Amino acid sequence: MLHVDRQQVLAFRIAAQELHRPHDEPGKLAVLRLGVQDASQVAARLALATRLAGDPERFAGAGFAEELRAADLTLAWSHRGAPHLHHAADLPWVAQSLVPLDDGDAQARMAWQRRDVAEAGMPVTEALTTAAERLREVVGATMTKGAASEAVTKVLPPGLVRWCRRCQATHIHEQLMRLATLRAGVRLEPDVSPATLTPIDGWEDVTREPDPATGRRVIEEYLRVHGPATPAEASGFLGTTQSVAKRMWPDGLAAVDVDGKTAYLPEDALPALESPAEPSFVRLLPPADPLLQARDRAVLVPEKENHKQVWRILGNPGVVVADGEIVATWRARARGQRLEVTVSPLTGRHRPDVSELEAEATRTARARGLDQATVGFA
């Protein structure tokens, strides 16, 4: 069994997620095989821009949507109901992976309690399929999320709609809509606000039957960019239980000792873990960046006192990676054509090189369509 420490694991992940910038085309990025979460209007844009060589200005404004179209990338509610960028050709198997194996799996993905199931008046798997069928009926053309929600609410059984205090209206349960939409053959329009839904060309029917093979594919892709990892960590990414992840556990994995804990990695990735490329650079990663999607937070940031600074209940910051470690968080504010970046070093971590920070902040500014950037420390 290969024995590694957390620094080696981090170096492997940084290389696997191509933060060394080996490509200049978005479609070549390995992280897109799993999906890149778009947590805000700029998160996915910056996650791609920070991984790609070349001028980041091409991602500014409408250029981002043009880059996505050229690479045949699109947006969909997928893993855990969160919006992710995917290769358009991958949407059928991603939709298949969202079909729960059974009611226990479905209940976990929906985060429903017994009371929610009782109010639905039907098994959770049936609720998800019913919602997908109704969404396929009502989303026949491009429409906003609000319009789609209003339309589908009118045709759903009463047990699948809820009173929303924030909206002061009754509408389809939010997570139910998010987990059913791609199964209905409906995607999101990238880089459009408010959220807008569009039927996928050539989609034949609602995805109904579970297929553990697609779950295994998600887990394997997770391990390739977030490994070595355990079934518990993979289940956290899927939004289900550890027992379900074990039922979909891929073949061809090698056990690895990570600081005394057994975790798993595809066998063909072992050489890259044993001798990862040296991450001797600074990067500004946006909130919800792929690197932060791993479920073993103690590997990413070992000091518990720093976790609340990196992962907040609301409004997560970006993080600064320097020489293979997450050393600070950052936030930015646009003032005219200048991006003001404020860096907050983590407790016990060194302050990154200012000149490298300024260079990365300028790249971030250009990806957002701004001319220049300044860096200050909190």
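View 1. The pocket (on a 1 Å grid over the protein atoms alone, an open set of points where a 1.4 Å probe fits, with protein on both sides within 12 Å along at least five of seven lines; lining residues have an atom within 4 Å of a point) is lined by 16 residues, and Arg69, Leu73, Thr74, Arg187 and Pro190 lie nearest its centre. Among the elements in the lining, α3 gives the most, with three residues; helices have at least four residues (DSSP H or I).

**View 2. The largest pocket and its lining.** Of the 36 lining residues, Gln37, Asp38, Ala39, Ser40 and Pro83 are the closest to the centre, and by class the lining has 19 nonpolar, eight polar and nine charged residues.

**View 3. The contact of helix α8 with helix α9.** Lys145, Ala148 and Ser149 in α8 meet Glu174, Met177 and Arg178 in α9, contact being heavy atoms within 4.5 Å. By class, this contact has two nonpolar, one polar and three charged residues.

**Notes.** Residues are numbered from 1 along each chain as its sequence is written. In this predicted model, local features need pLDDT of at least 70, side-chain atom pairs count only at pLDDT 80 or more, and totals for chains, interfaces and linings use all residues, while side-chain values use heavy atoms, with hydrogens and water left out.

Terms used. Helices (H or I, at least four residues) and strands (E, at least two) are DSSP runs, numbered from the N terminus. Ala, Val, Leu, Ile, Met, Phe, Trp, Tyr, Cys and Pro count as nonpolar, Asp, Glu, Lys and Arg as charged, and the others, Gly among them, as polar.
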